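This report describes selected features of one protein structure. Please examine the sequence and the model below before reading on.

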Protein chains: 6
Amino acid sequence: MTHGHAPATPRSTLVITAHAGDFVWRAGGAIALAASRGEKVTIACLTYGERGESAKAWREGKKLEEIKAIRRQEAEKAADTLGAEVVFFDAGDYPLLPTPELTDRLVAVYRATRPDAVLTHPLEDPYNGDHPAAARMALDARVLAQAIGYPADGEIIGAPPVFFFEPHQPEMCGFTPEVLLDITDVWETKRKAMECLAAQRHLWDYYTDLAVRRGVQLKRNAGPNLGLPHRTYAEAYMRPYPQVTGELA
Amino acid sequence: MTHGHAPATPRSTLVITAHAGDFVWRAGGAIALAASRGEKVTIACLTYGERGESAKAWREGKKLEEIKAIRRQEAEKAADTLGAEVVFFDAGDYPLLPTPELTDRLVAVYRATRPDAVLTHPLEDPYNGDHPAAARMALDARVLAQAIGYPADGEIIGAPPVFFFEPHQPEMCGFTPEVLLDITDVWETKRKAMECLAAQRHLWDYYTDLAVRRGVQLKRNAGPNLGLPHRTYAEAYMRPYPQVTGELA
Amino acid sequence: MTHGHAPATPRSTLVITAHAGDFVWRAGGAIALAASRGEKVTIACLTYGERGESAKAWREGKKLEEIKAIRRQEAEKAADTLGAEVVFFDAGDYPLLPTPELTDRLVAVYRATRPDAVLTHPLEDPYNGDHPAAARMALDARVLAQAIGYPADGEIIGAPPVFFFEPHQPEMCGFTPEVLLDITDVWETKRKAMECLAAQRHLWDYYTDLAVRRGVQLKRNAGPNLGLPHRTYAEAYMRPYPQVTGELA
Amino acid sequence: MTHGHAPATPRSTLVITAHAGDFVWRAGGAIALAASRGEKVTIACLTYGERGESAKAWREGKKLEEIKAIRRQEAEKAADTLGAEVVFFDAGDYPLLPTPELTDRLVAVYRATRPDAVLTHPLEDPYNGDHPAAARMALDARVLAQAIGYPADGEIIGAPPVFFFEPHQPEMCGFTPEVLLDITDVWETKRKAMECLAAQRHLWDYYTDLAVRRGVQLKRNAGPNLGLPHRTYAEAYMRPYPQVTGELA
Amino acid sequence: MTHGHAPATPRSTLVITAHAGDFVWRAGGAIALAASRGEKVTIACLTYGERGESAKAWREGKKLEEIKAIRRQEAEKAADTLGAEVVFFDAGDYPLLPTPELTDRLVAVYRATRPDAVLTHPLEDPYNGDHPAAARMALDARVLAQAIGYPADGEIIGAPPVFFFEPHQPEMCGFTPEVLLDITDVWETKRKAMECLAAQRHLWDYYTDLAVRRGVQLKRNAGPNLGLPHRTYAEAYMRPYPQVTGELA
Amino acid sequence: MTHGHAPATPRSTLVITAHAGDFVWRAGGAIALAASRGEKVTIACLTYGERGESAKAWREGKKLEEIKAIRRQEAEKAADTLGAEVVFFDAGDYPLLPTPELTDRLVAVYRATRPDAVLTHPLEDPYNGDHPAAARMALDARVLAQAIGYPADGEIIGAPPVFFFEPHQPEMCGFTPEVLLDITDVWETKRKAMECLAAQRHLWDYYTDLAVRRGVQLKRNAGPNLGLPHRTYAEAYMRPYPQVTGELA
């Protein structure tokens, strides 16, 4: 008996983020890993992060549309590097305001992609209200997409597991690593994708260090860890829903 | 790369409980499942539950040693049914008092069994202080067994994942299902093991109902759940340490 | 001195729920108990649960209005069985969107019914956003109804105690039983009311088992429990506000 | 059917405290209230608070035994004023060390007094480790006293409800008022009992103010509060176990 | 190196409250203290508290506009007494509904006042939904005001520390004193400001008692507290963001 | 009026740790900072970390006493580098068992050093039981040292603020940065002290990265952060007791 997905079609992963860069820093490893297994990964990016995450461009005097275009280009290149497809909602950031319409558009994405796993922000972030707003809609849409009575195209879906990826200041967001994902095999790809985000160069090393630190923790939590390389890279996730499994491991 | 265990030897599971019946009601499915895969399961039972969990025998006027013998016999039969080996510490219950000596004996068991997974009580239980006492020693011993400097026989171990099984009144013990284990395939075995515990006949149906209820929740959390039978049985667990994995599922 | 209600008029209970079936599964015992004492019980049902809780009807190809009519009929029959009056808001479910207008209509119900106790959903439910939405409005309206400055018909009310009833997956909603209500005397009535909900036949036994399990816990928490029958049925509740009392019991 | 106590014998309340003064400041109202109803109240006082709560006497140069005698006398006078009996364990304070022997002595008190309600400290107090130590033993003994297999004189007891009384710095001890007890009718008695504790004169007004403040909160949480006097006095309590009841009020 | 503010201009404090009286009861000491040091304090008052906090005026038959005028006058007099400037948004209370427009107006206030410290309500208050609504907008606006891409007049600001002041029923709002501010030196000023609020005369003593109680706690947490006067007055605050400092004290 | 320390004598800081290396990795910056201001810093080191934190030495075949000597030497050199004095209790690690005798010895240290600030481990650490054991005794001794009735040499102390330093896996220990201490000015000294711990070379860069990461967070939480250098180093702390202050900053 298998758990969590049907064997026939390739697995599908849906990543829902507030801003253009989020999927790279926080889930780039998970995306590259899934893609490297031939699985399908779709990124629903609610905004370009044009106001809240583009300080450098604003300081250089760039205009709104220009900034959106740059962020879009960078994100597409990074998604391409990771092996994923990115969809932009252009909903406007800072603040990203949750609406029934946006949630409804996300329901359509759920029914179209039929995800086996969903990745999004945690529900708390005192440094950036857009992140919880995106997460809230991501979770609401996931529930609605399961209901046969909800009027949207496509067939209803099952209840895919959800993973919250790590925010910039984890301890301030109630973030505790509940899953440590080994991304060593795709580390070079993640690093390359980060380097597509030229405007945030100062974060390249920051998130490399984080991956090393999470890798150290992975090794401290990994049974007899035979076969783990000296340098292990990892990403941390939380599970808002219980894991369903056929084996305790 | 594999996570959580080495491929060469059969997996080993260590179950540490306060009383003789605990492993049946709370983890019987996990034990039977592991055994059914040819894995080794060792149950370290700190007491017979002779004072705190044998009300019926005391009411019938039985004596302490007699009660211990009955509980031991029942537990051995149940362990046998599940396919596991049970070791008794006879440390005295109600109250089970944590001591460095007991913890040291548990270190020896860890180093001898080299577990890939550890199952024990949660750390809180306002209805029964023996359960947290056992869990506390189980966790302490697990850490000590990893230290090369700790003076005990056997080689040091890695850091096996720990699973807290479900207490009798979960909500009062801070217990939230974080892992739902599908035990449908071994349900009949678990039921048979429960029926070895003649003195607690009133719990047979109680824990059957619980397995059904956890099964319903498993289905509500299991993606497209194709292939899940109409009636699914499950056990719930918590993870005090992060899951280490190579795939988000 | 009496606490919590005036002696003159019969006590009044207000139940505020998201969907048509909620009051039966979750608070049927409390309702029947109050009614059996000659008290008045009013159920404010914000939606029929037509989209989110009527999967069977949708699969049978029924239309929206048809489904609403069925749900209404069933709910009225169940309310009648329990001895309560049900009022429908028809606010639309999945999602139920909180609005100032709905809250205002609830204020009017508070002032009209002048409840001595209020029953509603807990504020958290990761499986169904309509439940917290209903609870949020129920609590907001209760506060507004107490203010002489709030422009609504009727006299202002006191601060009635609030009880959150048990959700379908309690542990996932932060639900801990803080009050165990003995419903043994009205159990047959609750079962009959459940059987009015033909479309959700699979839940009849599920909620019977739950009542038994809560009954077992009631007995384990009930002092010398003399006089408690062998089989005790119970419902669990939480209190978001402190209990006001003249005796510690 | 009644809940929480048998009708035949008068109700019995057991108060377990760390130091000689605790029962007056924190539970004097509850004690006086019970006594005023003709119920029996027993106070088990584990120490005289001779080291940790008698700063004034030490500064005056008094000796240990002298201080213990003073504290004992004051406490007996206060207990007498409230209408309760006080038993001293003289276990030594600052620190009060939990031992199996002390717990066993408490089991005997439980079986002898057969309490319908138990009052003790909360389990957390970063300002005074003796309080959690006393509470921990009080709770452990309560569980052991219920077990027929536990070797102590007297018949086993049921599971009496437990109430944690309010610590000196409630917010630092995780204390949230879950029960507000109206003590207006016995307020004068509590004040008189406080005045028996001559050495802590500075606390008389402090705890009078607290009673007024809790009284204000009681009124803000008390339905239509008809009949409540202008000035209401109250004590706050927490419930570590669920309330068992036959009515939601 | 200095932390938290630039040395050149006088420090600026921004207080954001839901109703006209809040800044007096909850932060009057902090305001008077800052003013007494020659610092600038601005109070952004979102409503007059005309519906929810003016029961006496409504009972006397006053009209809405009349009540708003009274509350405004009282608040201005109190602010004047404390040495602060108050700005009224007149957004309508009970309920105060959060909107992007109100948040945007607050962003403008942030950029105009450039605060070194921000004081507002905690995010939880089950007795008054206006308080969390104000706090939520205060925090959102603070984040937006820091973003160069957010289209508002004025220069972007740094990240000023935030302090939640104490609500009326602290324990019910998750309020734990994390900062105890010594207001002894300005106590008379705070008392005078409280006495400007004639309509709430019953709160004058209530909040005097609270200041004494918090003062007692201050002394119990203040190292060798040399130099602290016999009677110390204090206000309590929480910090939602970490303190930034150059010294552990 | 000053808060937290008396002006006359130089400030004194007391650091209480489980193992020889802890004070360097976790509080080296705070220690160097205090020392650089001419303050006195005393480190009470309960064990050498000879069993639990010396894996390399054991693997090299060293003996217990040899390992203790090495750890002692390294720690003394590091303390010297930071400008502090270190005292060894040699209480035996892995497990470090809390005893009344050890606590009593700590009381003596408190009364001898009369600290203005106390630094120790957090109370939770699922990876190392010695850390909470040390912290528990550190806190207990601090309370006892304040009591005039506690029989130990030296005068009683006030209530110094306590700071929990950051554990190795903060998120697993409930650690949230509540205080970010700028250690940029003494960073080189801390790095040098770390390099005294030759046996744990792999941690030098690890804790350098951490200081950078905490420095980034410091800047994100530091008002207008004028004057902060491009690269800021920081250490994170928690406060189990409220901060006492004369100014909100």
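## Loop residues with positive phi

A:Asp90 is partly exposed, with a relative accessible area of 37%; buried means under 20% relative accessible area, exposed over 50% and partly exposed in between, for a 1.4 Å probe and protein chains only. The model is predicted, and local features need pLDDT of at least 70, side-chain atom pairs count only at pLDDT 80 or more, and totals for chains, interfaces and linings use all residues. Residues are numbered from 1 along each chain as its sequence is written, chains are lettered from A and ligands numbered from 1 in the order in which they are written, and side-chain values use heavy atoms, with hydrogens and water left out.

The loop that holds A:Asp90 runs between β3 and α4 of chain A. Helices (H or I, at least four residues) and strands (E, at least two) are DSSP runs, numbered from the N terminus. Although A:Asp90 is not a glycine, its phi is positive, at about 50°. In chain D, D:Asp90 lies in the loop between β3 (85-88) and α4. The phi of D:Asp90 is near 50°, again a positive value in a residue other than glycine. D:Asp90 is partly exposed, with a relative accessible area of 38%.

## Cis peptide bonds

Which form does the peptide bond from A:Tyr94 to A:Pro95 take? That bond is cis, with omega near 5°. A:Pro95 is placed in the loop between β3 (85-88) and α4 (100-113) of chain A. In chain B, the bond from B:Tyr94 to B:Pro95 is cis, with omega near 5°. B:Pro95 belongs to the loop between β3 (85-88) and α4 (100-113) of chain B.

## Helices α4 and α5 of chain D

Two packed helices are described by the angle between their axes and the distance between the axes. In chain D, helix α4 (residues 100-113) packs with helix α5 (residues 130-144) at an angle of about 55°, their axes being 8 Å apart. Axes are lines fitted to C-alpha atoms, for helices over the stretch in contact, and angles run from 0 to 180 degrees between N-to-C directions. The angle makes α4(D) oblique to α5(D); angles under 35 degrees count as roughly parallel, over 145 as roughly antiparallel, 65 to 115 as roughly perpendicular and the rest as oblique.

Contact means heavy atoms within 4.5 Å. From α4(D), D:Leu102, D:Thr103, D:Leu106, D:Val107, D:Tyr110 and D:Arg111 meet D:Met137, D:Ala138, D:Asp140, D:Ala141, D:Arg142 and D:Leu144 of α5(D). The residues of this contact comprise eight nonpolar, one polar and three charged. Ala, Val, Leu, Ile, Met, Phe, Trp, Tyr, Cys and Pro count as nonpolar, Asp, Glu, Lys and Arg as charged, and the others, Gly among them, as polar.

## A buried arginine in chain C

Helix α5 (residues 130-145) of chain C contains C:Arg142. Is C:Arg142 buried or exposed? C:Arg142 is buried, with a relative accessible area of 2%. Leaving aside neighbours within four places in sequence, C:Arg142 is in contact with C:Tyr110, C:Ile157, C:Ala159, C:Pro160, C:Val162 and C:Tyr241. C:Gly158 is 16 residues from C:Arg142 in sequence, and their C-alpha atoms are 9.1 Å apart in space.

Helix α6 (residues 187-194) of chain E has E:Trp187, E:Lys190, E:Arg191, E:Ala193 and E:Met194 as its buried residues. Seen down the axis, the buried residues of α6(E) fall within an arc of 160°, so they line one face of the helix; the arc is that of the directions from the helix axis to the C-beta atoms. E:Glu188 and E:Lys192 are exposed on the other side of α6(E). The buried residues of α6(E) pack against α1 (22-36), α3 (64-82), α7 (202-220) and β7 (234-238) of chain E. α3(E) and α6(E) pack at an angle of about 170°, with axes 8 Å apart, which makes α3(E) roughly antiparallel to α6(E).

In helix α6 (residues 187-195) of chain F, the buried residues include F:Trp187, F:Lys190, F:Arg191, F:Ala193 and F:Met194. These cover an arc of only 160° around the axis, which puts them on the same side of α6(F). F:Glu188 and F:Lys192 are exposed on the other side of α6(F).
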